[in-house]
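Please open the structure in a viewer and keep the sequence at hand.

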Amino acid sequence: DWRSRLRWLRELSFPRRYPLVQFPNAPLAIALLAGLAAGLTSGRVHDYARALSYLALALWAWKELTQGVNLFRRLLGAAFLVMVLMSIADAVA
């Protein structure tokens, strides 16, 4: 059944005891797709896609920072949150 396959894919992490890499959750998937859309478009669509990408990536980073499964994932969230905030500051400047 497709639900069991999807569950297996969501639980995929490497290495198992101390996950450094995990299957993307919804905010990260949205950030990646919106970033791709921003790269392929121009005008207002580009602006909206870029804003959605920043928002989704900031949400993903916040979740990793506050709910990450280990220290590496929490530090990764902190680093990306700083990076996103700097990118937003640069975009509005």
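The model is a predicted one.

**Stop 1: helix α2**

Select residues 26-40, which form helix α2. The 15 residues of this helix should span 21 Å at 1.5 Å a residue, and the separation of its end C-alpha atoms, 21 Å, agrees with that. Now colour Pro 27, Leu 28, Ala 31, Ala 34 and Ala 38, the buried residues of α2. Viewed down the axis of α2, these buried residues fall within an arc of 130°, so they line one face of the helix. An α-helix has 3.6 residues a turn, so residues three or four places apart point the same way. Display α3 as well: the buried residues of α2 pack against this helix.

**Stop 2: helix α4**

Select residues 71-92 for helix α4. From first C-alpha to last, the 22 residues of α4 reach 32 Å, close to the 32 Å expected at 1.5 Å a residue. Which residues of α4 are buried? They are Arg 73, Gly 77, Leu 81 and Val 84. Seen along the axis of α4, the buried residues lie within an arc of 85°, so they line one face of the helix. Their packing partners are β2 (21-22) and α3. The face of α4 turned away from the buried side carries Leu 75, Met 86 and Asp 90, which are exposed.

**Stop 3: the nonpolar core**

Select Leu 28, Ala 31, Ala 56, Leu 57, Ala 58, Trp 60, Ala 61, Leu 81 and Val 84; these nine residues make up the largest nonpolar core. Each of α2, α3 and α4 supplies at least two residues of this core, and the largest share, five residues, comes from α3. Centre the view on Val 84 to inspect its surroundings: leaving aside residues up to four places away in sequence, Val 84 touches Tyr 54, Leu 57 and Ala 58.

**Stop 4: the aromatic pair**

The model has one aromatic pair. The ring centres of Trp 60 and Phe 80 are 5.4 Å apart and the ring planes stand at 85°, so the pair is edge-to-face; the cut-off for that class is over 60 degrees. Trp 60 belongs to helix α3 (residues 43-67) and Phe 80 to helix α4, so that the pair links distant parts of the chain, 20 residues apart.

**Stop 5: Asn 70 and the start of α4**

Finally, select Asn 70, which lies in the loop between α3 and α4. At 5% relative accessibility, Asn 70 counts as buried. Show its side chain together with the backbone of Phe 72: Asn 70 caps the N-terminal end of α4, with a side-chain oxygen 3.2 Å from the backbone nitrogen of Phe 72. Next display Tyr 18 and Pro 19, which Asn 70 touches when residues up to four places away in sequence are not counted. The backbone oxygen of Pro 19 is 2.9 Å from a polar atom of the Asn 70 side chain.

How values were computed: Residues numbered from 1 in each chain as written. Predicted model: local features only at pLDDT ≥ 70, side-chain atom pairs only at ≥ 80, totals over all residues. Heavy atoms only, no water. Phe/Tyr/Trp six-rings, centres within 6.5 Å; stacked < 30°, edge-to-face > 60°. Helix = DSSP H or I, 4+ residues; strand = E, 2+ residues; numbered from the N terminus. Buried < 20%, exposed > 50% of the residue type's maximum accessible area, 1.4 Å probe, protein only. Polar contact = N/O pair within 3.5 Å; in protein donor to acceptor, adjacent residues only side chain to side chain. Contact = heavy atoms within 4.5 Å. Expected span 1.5 Å × (residues − 1). Arc of directions from axis to C-beta. Core = buried A, V, L, I, M, F, W, Y, C linked by side-chain atoms within 4.5 Å.
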